[in-house]
Amino acid sequence: MDYVIVGAGPAGVIAAETLAGLEPGADITLVSGEPEPPYSRMAIPYLLAEDIAEEGTHLRHTAGHYDARGIRVVHERVARLDPAARTLAFEGGGSRTYGKLLLATGAAPVRPPIPGMDLAKVKSCWTLADARQIIAGTKPGDRVVLMGAGFIGCIILEALVARKVKLTVIEMADRMVARMMDKTGGDMIGDWCRGQGVDVMTATRVTGIEEKVDGSLSLSLEGKEPVAADLVVCATGVRSNIGFLEGSGIDTGQGVLIDNYMATNLPDIYAAGDVAQGLDFSTGGHDVHAIQPTASEHGRVAARNMAGHRTAYRGSLVMNTLNTLGLISTSYGLWDGAEGGDEVVSLDRENARYLRLSFQGDVLVGALALGLTQHVGVLRGLIQTKVPLGKWKKVLQDDPHQIMTVYLACVQDATRRRAA
Amino acid sequence: MQKSLLIDPDKCTSCLQCEMACSFEHEGVFNPARSRIKIFEFEHGKRAVPYTCTQCAEAWCLHACPVEALVRNKTTGAVEVRDEICVGCKVCTIACPFGTVNYNPDSGKVIKCDLCGGDPQCAAACPTEAITYVDSAWTGYERMQAWAVKTDTKAATA
């Protein structure tokens, strides 16, 4: 079979490797839209912080890794898909046919539609090329404004602080990381950052950016005094890369719509990762989950189905973890509560500790934590196995920090039941 | 023959020798807080369960790692952290549904059981054979069955 995978992020690479494992000798082409070897965007903040060199961002580290598996890596950007002719047209002019196709084109940053966003000193931080520009364009003491304090904004935040710039964070929402933290948790992260000298402005809208004669930037804010900057880093969200699919007949919503076998509405075309709008474990609906674990699972499950090993995907569980200047935050599933469910909260603002567990009946369906670094994963275990907590729910209601004890007790109970 | 840790909670006295040995082997200090194996106590200390990574076949941690910092040791079967590659993103800590990969804020990397390269110090230190290092063939279904039988007997005689 002639497999073509468009996109060389984690979903694409893992799909290619899985295909190579399932079908030795298959013709596998991995189409990368960037010049570098396949790399992880998640590692870019550590490059900015100068913890690692560029090679440290690469997804695979062994020389000849792709060749050894019969995976051909080509560097092209896809301009159009013609499903009738089973052909991809490249921006550079060439084209290529496929037997089975995986769309793993990821996502790309979006910028708010305000004046000045096209100025040279307004940067995104998404690709290695972006990272190089930010490294070259900042020196200690520079005034940097970070627009957007979502997940990506926050991991960049840490890296910018490590670069010793004077940092101001401007976020439109009423709190930091609004899509992974409730108001309490988001505000605690904001206070933590302020305590470490980062100026955090939430519920603040930038209305325009202009360049002054001295080369510095001025950001106009709604209802507030303007802010001066030497550089602006824009992290105001990402959107699935589906533009090239226009007119192809592929069903799209926010991303490419896929069924539980990672297949699109068109024959022999699948999608995975940030570009795919797939099954959500918690809601049963279809959503884009632009997170690493989803990309990895999508890639594996898609490859299995492409190779004819019909494998249903049980849905991706939303999960995030973040280190904001030493404060670790985590959230899972329905962290903001479930309809008709109940919850338990443990809050210690002074020591920046927070744990909120959401239940539906006696099943854990969501969790949110600040300052938790030990055995965090059991939260996933309990949510994803939907294990009935029974009498152990009361233990968690009395003290949510008993999560590990409750997990072990439930595992033992389940083992006993299975053997009975 | 590949070997695995076999844990028999019935024999555990919660002496914490395993945690001490583990932290000394990996961190050079006798400090249970730095251990990769943990004893959990139930019923106010009446029952103790040593708990660590089972080196599961699924290896959620390994697959979730964005930079290939987690690799399986072909000799021991353990999934090991390559410290020089780990960037400390912690995705593995939330991806492991068993909660056995933890973030170490001091090093900025993650830590997990690596079977000490094939000579697990927790098993060597355990005075009651609650932790043993045995042929892997015995640690799958049979182990579960053996454990279940024990707990059932206990329930019947309770």
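Q: Are F40(B) and Y51(B) buried or exposed?
A: This is a predicted model; local features need pLDDT of at least 70, side-chain atom pairs count only at pLDDT 80 or more, and totals for chains, interfaces and linings use all residues. Residues are numbered from 1 along each chain as its sequence is written, chains are lettered from A and ligands numbered from 1 in the order in which they are written, and side-chain values use heavy atoms, leaving out hydrogens and water. Buried means under 20% relative accessible area, exposed over 50%, partly exposed in between (1.4 Å probe, protein chains only). Both F40(B) and Y51(B) are buried.

Q: How many aromatic pairs does the structure hold over all chains?
A: Rings of Phe, Tyr and Trp (its six-membered ring) pair if their centres lie within 6.5 Å; planes under 30 degrees apart count as stacked, over 60 as edge-to-face and the rest as tilted. Over all chains, the number of such pairs is three.

Q: What is the angle between the planes of F24(B) and F30(B)?
A: These two rings form a stacked aromatic pair, with 4.5 Å centre to centre. The angle between the planes of F24(B) and F30(B) is 5 degrees.

Q: What angle separates the planes of F40(B) and Y51(B)?
A: F40(B) and Y51(B) form an edge-to-face pair, 6.3 Å centre to centre. The pair links distant parts of the chain, from strand 2 (residues 38-42) to strand 3 (residues 47-51) of chain B. Strands (E, at least two residues) and helices (H or I, at least four) are DSSP runs, numbered from the N terminus. The planes of F40(B) and Y51(B) are at 75 degrees.

Q: Which residue of chain A forms one aromatic cluster with F40(B) and Y51(B)?
A: The cluster holds F40(B) and Y51(B) from chain B. Its member from chain A is Y407(A).

Q: Which ring lies under the charged end of K386(A)?
A: A charge sits over a ring if NZ of Lys or CZ of Arg is within 6 Å of the ring centre and within 35 degrees of the ring normal. K90(B) lies over the face of Y103(B), at 5.1 Å from the ring centre. The charged end of K386(A) is 5.0 Å from the ring centre of F281(A).

Q: What is the relative accessible area of K112(B)?
A: K112(B) lies in the loop between strand 7 (109-111) and helix 4 (121-125) of chain B. Not counting residues up to four places away in sequence, K112(B) touches residues including R36(B), C53(B) and V101(B) (contact means heavy atoms within 4.5 Å). K112(B) is buried because its relative accessible area is 4%.
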